[in-house]
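Have the 3D view open as you read.

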Amino acid sequence: MTALAALIRRDVSVALRVGGGALIGVLFFLTVVVLMPFAVGPDLALLKKLGPAILWLGALLASLLTLDRLFTADHDDGSLDLIVMSRTPLELACAAKALAHWLAAGLPLVVATPVLGLLLNLDGVATGAVALTLLAGTPALTFTGMIGAALAVVLRRGGLLLSVLVLPLSIPVLIFGVAASNAALSGPSPFGTPFSILCALSLMSLVIGPFAAAASLRHGLD
Amino acid sequence: MTLGPYASFIIMSYVAVATVVAALIIWVIADYRSQKARLRDLEAAGAVRRSGRSAVDVK
Amino acid sequence: MRETGLESALPALAPATISGAMTLIDLANPSRFLSLAGRILPWLAALTVLVLAVGLYQSATAPDDYQQGATVKIMFIHVPNAWLSMFVWGVMSVAALGTLVWRHPLADVAAKTAAPIGAAFTFLALLTGSLWGRPMWGTYWEWDARLTSVLILFLMYLGLMALWRAVEDPSRAARAAAVLTLVGAINIPIIKFSVDWWNTLHQPASVIRMGGSTLDRAFLIPLLVMAIGFTLLFLTLHIAAMRNEILRRRVRTLQMLQASKSA
Amino acid sequence: MKLSGRGLRCVRGGREVFSGLDVMAESGHAVAITGPNGAGKTSLLRLLAGLLAMAGGSISLEGGDPELTLPEQAHYLGHRDALKPALSVSENLSFWREFLGSASRSSPADAAQALATVGLDHVGHLPAAYLSAGQRRRLSIARLLAVKRPVWLLDEPTSALDVSGQSAFAAVMTEHLKGGGIILAATHTPLGIAVRELRIGGTA
């Protein structure tokens, strides 16, 4: 347990210190959301309707972009070798790294949501609903994205390839996240159904992600 | 002075400005103190500047 | 090493500035700047407090606007912050020129420390604008041309701060930040123009213009005093933050010295 | 304790690096793996560390902890130093101490002791970014000391070390061997301790 706590602590502090990229993700989120009205138009009624979708797309892209270096940074400086050799099962180490990433880069997105909701003319209930769905859904984005991050180590290529690999995997999360937010905002359908499916997707990814990432790391090292 | 029906907005904006300005002032002062303390520690550890002057004795 | 860079830049400046620009030499030397800052800061701070106190008193006693009522009082803090949001970028642009063209040793210190202060004032301009807009528009946020431009400016400040944070070595970050600052300075009018055009395209001018062009003297004088007060506040904070940054770099140099001694 | 690998075969990128390689090392002994560039020195170490898949052969460690695999009882010191520049020297070391070791068996004092042994105790609070290449290498060596593991797999351990650093490291290795440890080191230069040489690759 101390080993995992140490890993989480290290990753979070590296992400937050000088040179770390955690807060850049939030900035990216902010910029993407601010950009949208320039394409759509400043019509507040329309923005309100599109709000949850815009926020979800922004959060999806922001969490994906920061995932790029999740494993490659450790691979480049040799830490990954030692992590693979340690007594801690690689699956748990991967889960710890993803959790640290979510704490440093995913949670700030949720915290930033209310401010952005204001810009998109969402009322309190809608903003709360979007923030809640992001809180439940961003772990799923991180934990499915980590599979791509592990593949990036194996393929020695990150960036766009990672996005192409991972984006299709995150479609279900996007569908149910936006559906739940919209249900809370206006829809006739209840909020509970899509939200519980979203939570189920998150829980599933918590299990599948670490195993898949660990498997691809084990076979990809050389 | 009466602030009319929107008094809360006016007060809120003044309070917000006061808070942020106070935060800036506190940040500047705290940063100054911590840098001075680190310089003093380094001096105590025997680090001397190239010019031989003390790094701390500038006011 | 940073310190060496700072001081070896001095002889290069000296021949060109034999008598006329003694202040430049004074300021170019970080140690001189530190002692000067130590002497100036208390006076500057006192002056700032005085001017802001007068400005606040005048704003409090200013009459209500016949159209906006008492909410016009928000203008007295909103406009100075909005002015500073642009003024600070101007300061940073001059500093960026100082970094790129004149290689002035204090230029990047000035540029780096201005960014967070500028971001704070820009944030306040947005916040007060939004609080002012709520009674006017009925919403906290309207994609009004002015507010939107300030929002983009705010994002650019944050990006600049992120750039400074992303690189550990300040002298390497300085060049990149200087280029970005100047590009930003050129782009801000273009962005402002585009946003104006985008805004009028979508919304025929039904939005209430904030702080219209013809201001009554009763508003103008408090506004001017507040603007001067906030500018003084910025100068005080900036000089203090520059002093901190110089000390921080001195700490860094000494630490690297300490590390290399043990090799 | 006895580490032995028999008939080892390694294939990388479709190319056979070596095959039918036997390697053996006993408690208290050091083996220097030598050979020309590309002979597979690093590959052999990574194979033993479990970082490369074996294409054939078997590896065993007799007399070790039966519940642990060989990689879990081995330290691997590679070309890369496994340090985070943003963290301080002591944060880097204490992370690896907590992550690799069982905290019960090593105390923070061990980490301080390890830093002192490699001569970095006075820069513990500085960011690792300020260290020179030689200092970074010494910090990696401190990791071997802060967490006790019987088998050391060292890849060019003395590169970037100056003469005094090399002799200090020789003392560290001698101490480890005295305690019953095993060292396998890939190297071009003499390590400064008594070693058995294992030459792999052609006769270049």
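In this predicted model, helix H2 (residues 22-40) and helix H3 (residues 44-67) of chain A have axes that come within 9 Å and cross at roughly 145°. The crossing of H2(A) past H3(A) is right-handed. Two packed helices are described by the angle between their axes and the distance between the axes.

Which residues make this contact? From H2(A) come A:Gly25, A:Phe28, A:Phe29, A:Val32, A:Val33, A:Met36, A:Pro37 and A:Val40. Their partners in H3(A) include A:Leu46, A:Leu50, A:Ile54, A:Gly58, A:Ala62 and A:Leu65. Sorted by class, the contact between H2(A) and H3(A) has 16 nonpolar residues, four polar ones and no charged ones.

Now turn to where chain A touches chain C. Here 17 residues of chain A are in contact with 16 residues of chain C. On the chain A side, H2 and helix H6 (90-119) each supply at least two residues, and H2(A) gives the most, with eight. That side of chain A has twelve nonpolar, four polar and one charged residues.

Over in chain C, follow helix H3 (residues 30-61). This helix has 32 residues and reaches 44 Å from its first C-alpha to its last, close to the 46 Å expected at 1.5 Å a residue. Along the way, H3(C) has a kink of about 35° at C:Ile40, shortly before the proline C:Pro42. Buried residues of H3(C) are C:Pro30, C:Phe33, C:Thr48, C:Gly55 and C:Ser59.

Conventions
Residues are numbered from 1 along each chain as its sequence is written. Chains are lettered from A and ligands numbered from 1 in the order in which they are written. This is a predicted model: local features need pLDDT of at least 70, side-chain atom pairs count only at pLDDT 80 or more; totals for chains, interfaces and linings use all residues. Helices (H or I, at least four residues) and strands (E, at least two) are DSSP runs, numbered from the N terminus. The expected span of a helix is 1.5 Å times one less than its number of residues. The bend at a residue is the angle between axes fitted to the seven residues ending there and the seven starting there. A residue is buried if 20 or more other C-beta atoms lie within 10 Å of its own, exposed if 12 or fewer, and partly exposed in between; C-beta atoms are placed from the backbone. Axes are lines fitted to C-alpha atoms, for helices over the stretch in contact, and angles run from 0 to 180 degrees between N-to-C directions. A crossing is left-handed if the near helix is turned anticlockwise from the far one by less than a right angle, and right-handed if clockwise. Two residues are in contact if their C-beta atoms, placed from the backbone, lie within 7 Å. Ala, Val, Leu, Ile, Met, Phe, Trp, Tyr, Cys and Pro count as nonpolar, Asp, Glu, Lys and Arg as charged, and the others, Gly among them, as polar.
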